[in-house]
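User: I would like to go through this structure with you. Could we begin once it is on the screen?

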Amino acid sequence: MQLVSVLQLMQLCSSCQVWDATASDPKLLVYLKSYRNTVPVPRHWSQKRKFLQGKRGIEKQPFQLPDFIAATGIEKIRQAYIEKEDSKKLKQKQRERMQPKMGKMDIDYQVLHDAFFKYQTKPKLTSHGDLYYEGKEFEVKLREMKPGMLSRELKEALGMPEGAPPPWLINMQRYGPPPSYPSLKIPGLNAPIPPGATFGYRPGEWGKPPVDEHGRPLYGDVFGILQLDEPNYDEEPVDRSKHWGDLEEEEEEEEEDEEEEEEELMEDEDMEAGMQSVDTMSSTPTGVETPDVIDLRKQQRKESERPTDKQLYQVLEQKEEKIAPGTLYGSSHTYVVGAQDKAGVKRVDLLKNQKSDKVDVTIHPEELEVMDDVLAAKYEEAREEEKLRNQKEDFSDMVAENASKRKRKHEKDGKSSKKKDFKF
């Protein structure tokens, strides 16, 4: 079997180890390691000592409360309570043990509610396949680091004053930007230097900009000439008095609607004036003019035409009464309910029983010229048809016939009973 080198395995999978080359089938092993959702074997599988045996002499850090719980001040209250308990004598502790007092550490309920329901954050969880190994908490988390960003601790370690360039900028200007980060913007190399800074080799200056023999920048817009005027959203004022997503007031829309209604009214008045002028010029006889609008729906009464004699309420007559002895819920007065206005009730009954005297009449267009005579005749004809249609059917003949049948049946029953008596 031909052995595979570690370099060849590293080209196939970046998570392979040195001992993977000694496997019976290294390529299959590397394929299984790089497969999706594969969890690696823990590192301590090949160690001879027990798990976490090397952390014996390391001091364990105390548990820290989450930030949203620590913000309530529970730690300070508890520390003050512990100090007060330590200062008590043994006799007082025994007495409190026999007769305990509750509610010594009292925190506002609203503060606790806000801490758990308003400011609570999710704890940091490990990702899929991320296993713990000895000394993992002491490793530097490189995922939080970004290229080009210098922390305050690094600036202090390098001895960089405020506004000074990094010490490797001179070599970058001489040899070029780092090839691992081609799109990284570095001030003084392919990006403009901060405002107020100057080029030069004195302390605090930013070296010499990399240019060609014609004075053009080699790696980017180091002078800031080609920089576009992008909108700076940080400088725009933010109105924090209003909430995001609130509905805007509709005052402007109402004003526009009123203006449109006024314009429509003006146009309607102009059209009516024009139509009246056309009507005066035409030779149509009076009384036969075609209406502008024919409303086929039922006419609704206006507020001013509605009957206003409807009584909204009625004051009942109060009558004094004596409380009978032995009653639990007696009252010293009663109300006369029967003394109501009967005229209003009669009026309502009359209105209910009243029938409308409306009749539908059909008129042909050629009958419009002699409408007065035709309309009266049509009305009387329709009225007679309506009476005949609504006339009650006469059941007197049927009632008389039914009565005669019953009488004959009764007479037959009487004769049959007499014959039976005669036989006995």
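This is a predicted model: local features need pLDDT of at least 70, side-chain atom pairs count only at pLDDT 80 or more; totals for chains, interfaces and linings use all residues.

User: Where is Thr72 found?

Analyst: Thr72 sits in the loop that runs between helix H3 (67-70) and helix H4 (74-86).

User: Is Thr72 buried or exposed?

Analyst: Thr72 is buried, because its relative accessible area of 16% falls under the 20% limit.

User: Which backbone oxygen lies 2.5 Å from a polar atom of the Thr72 side chain?

Analyst: That is the backbone oxygen of Ile69.

User: And which residues does Thr72 touch, not counting those up to four places away in sequence?

Analyst: Thr72 touches Val111 and Ala115.

User: Turning to the core, which residues make up the largest nonpolar one?

Analyst: The largest nonpolar core has seven residues: Leu169, Met172, Leu184, Ile186, Leu189, Ile193 and Trp206. Apart from it lies another core of six residues, including Val4, Leu9, Cys16 and Ala21.

User: What is Ile186 in contact with, leaving aside neighbours within four places in sequence?

Analyst: Ile186 is in contact with Leu169, Met172, Pro178 and Ala191.

User: Now the surface. Which residues make the nonpolar patch of about 640 Å²?

Analyst: Val6, Met10, Val18, Trp19, Val41 and Trp45 make that nonpolar surface patch.

User: Where is Met10 found, and why is Met10 classed as partly exposed?

Analyst: Met10 belongs to helix H1 (residues 6-12). Met10 is classed as partly exposed because its relative accessible area is 42%, between the limits of 20% and 50%.

Technical notes: Residues are numbered from 1 along each chain as its sequence is written. Side-chain values use heavy atoms; hydrogens and water are left out. Helices (H or I, at least four residues) and strands (E, at least two) are DSSP runs, numbered from the N terminus. Buried means under 20% relative accessible area, exposed over 50%, partly exposed in between (1.4 Å probe, protein chains only). A polar contact is a pair of N or O atoms within 3.5 Å; within protein, one must be able to donate a hydrogen and the other to accept it, and residues adjacent in sequence count only if both atoms are side-chain atoms. Contact means heavy atoms within 4.5 Å. Patches are made of residues with over 30% relative accessible area and no salt bridge: like charges are joined within 9 Å, nonpolar side chains (Val, Leu, Ile, Met, Phe, Trp, Tyr) within 5 Å. Accessible areas come from the Shrake-Rupley method with a 1.4 Å probe; for residues, only the protein chains shown count as cover. A salt bridge is a side-chain nitrogen of Lys or Arg within 4 Å of a carboxyl oxygen of Asp or Glu. A nonpolar core is a set of buried Ala, Val, Leu, Ile, Met, Phe, Trp, Tyr and Cys residues joined through side-chain atoms within 4.5 Å.
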